Amino acid sequence: MPDPSGSPASPEALTERSSGRPAMSGMDRERRLLQQAVGIGAVVPFAAGLYGVLFGPALTGAVMSVSGESHYRYLSGLLLAVGLCFWSTIPRVEEQTGRFRLLTLIVVVGGLARLLGLLLSGVPSLTMLGGLAMELVVTPLLCLWQTRVANRYAERSGVADLNRDQP
């Protein structure tokens, strides 16, 4: 875009006027929004996992045997790790499709187990239903979004998309 003098715009002219930073493309904005969404979404497994590791089943109000509490803390540690692993995808989220899909699979399988428990044992608390929504709705949607961002970056950089069938 030419400047008022009619000469082509220099890279400096393509900066945001108020901040002096380079203007972000729509693709970069989408990537940034995805990073923020993953960061916020990963708070749930991280916080729930950390709470379970530190306090056992206190959140649920259940009283368990020592072995049951040990198992609960172990599973909480896995949940904590899932949150940390999702956070590890943030810096280069457009390159983390394999990791993102594996984490999503783990979360969805856990959500399906929770759904089976709902069908076999009854409706749990609102907190647990919120977890179910995160596991079976939010996480798969984030995974689809990550795939979209990854494919857009691959197209821009000329990298072949390994997810498409070859002729």
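Residues are numbered from 1 along each chain as its sequence is written, and side-chain values use heavy atoms, with hydrogens and water left out. Because the model is predicted, local features need pLDDT of at least 70 and side-chain atom pairs count only at pLDDT 80 or more, while totals for chains, interfaces and linings use all residues.

Helices are DSSP runs (H or I, at least four residues), numbered from the N terminus. Helix 4 covers residues 97–121. With 25 residues at 1.5 Å a residue, helix 4 should span 36 Å, and the distance of 35 Å between its end C-alpha atoms agrees. The expected span is 1.5 Å times one less than the number of residues. Just after helix 4, Gly122 has a positive phi of about 115°.

Which residues of helix 4 are buried? They are Thr97, Phe100, Leu103, Thr104, Val107, Gly111 and Leu118. Here buried means under 20% relative accessible area, exposed means over 50%, and partly exposed lies in between (1.4 Å probe, protein chains only). The buried residues of helix 4 pack against helix 1 (26–41), helix 3 and helix 5 (126–157).

Leu142 is in helix 5 and is buried, with a relative accessible area of 13%. Leaving aside neighbours within four places in sequence, Leu142 is in contact (heavy atoms within 4.5 Å) with Leu34, Ala37 and Phe100. The C-alpha atoms of Leu142 and Thr104 are 8.7 Å apart, although the two residues are 38 residues apart along the chain.

Ala37 belongs to helix 1 and is partly exposed at 24% relative accessibility. Apart from neighbours within four places in sequence, Ala37 is in contact with Leu142 and Trp145. Ala37 and Ile90 are separated by 53 residues in sequence and by 9.6 Å in space, C-alpha to C-alpha.

## Aromatic pairs

A pair of aromatic rings is described by the distance of the centres and the angle of the planes. Rings of Phe, Tyr and Trp (its six-membered ring) pair if their centres lie within 6.5 Å; planes under 30 degrees apart count as stacked, over 60 as edge-to-face and the rest as tilted. The whole structure has three aromatic pairs. One of them is the tilted pair of Tyr51 and Phe55, at 4.8 Å centre to centre and 45° between the planes. Tyr51 and Phe55 are four residues apart in helix 2, so about one helical turn separates them. Tyr51 is partly exposed at 34% relative accessibility, and Phe55 is partly exposed at 47%.

Phe86 and Phe100 form an edge-to-face pair, at 5.1 Å centre to centre and 75° between the planes. This pair links distant parts of the chain, with Phe86 in helix 3 (residues 66–88) and Phe100 in helix 4, 14 residues apart. Are these two residues, Phe86 and Phe100, buried or exposed? Both are buried.

## Salt bridges

A salt bridge is a side-chain nitrogen of Lys or Arg within 4 Å of a carboxyl oxygen of Asp or Glu. The structure holds seven salt bridges, including those in the table.

| Pair | Closest N to O distance |
|---|---|
| Glu95 and Arg92 | 2.8 Å |
| Glu135 and Arg114 | 2.7 Å |

Arg31 is buried at 17% relative accessibility, as is Glu94 at 15%. By contrast, Glu95 is partly exposed at 47%, and Arg92 is partly exposed at 49%.

Glu135 lies in helix 5 and Arg114 in helix 4, so this pair ties together parts 21 residues apart in sequence. Glu135 is buried, with a relative accessible area of 13%, whereas Arg114 is partly exposed at 28%. Salt bridges that share partners also join Glu30, Arg148 and Arg152 into one network. Glu30 is in helix 1 and is buried at 12% relative accessible area. Not counting residues up to four places away in sequence, Glu30 touches Trp145, Arg148, Val149 and Arg152.

## Surface patch

Leu50, Tyr51, Leu54, Phe55 and Leu59 form a nonpolar surface patch with about 470 Å² of accessible area together. Patches are made of residues with over 30% relative accessible area and no salt bridge, with like charges joined within 9 Å and nonpolar side chains (Val, Leu, Ile, Met, Phe, Trp, Tyr) within 5 Å. Accessible areas come from the Shrake-Rupley method with a 1.4 Å probe, and for residues only the protein chains shown count as cover. Leu54 lies in helix 2 (residues 43–55) and is exposed, with a relative accessible area of 51%.

Methods:
Helix = DSSP H or I, 4+ residues; strand = E, 2+ residues; numbered from the N terminus.
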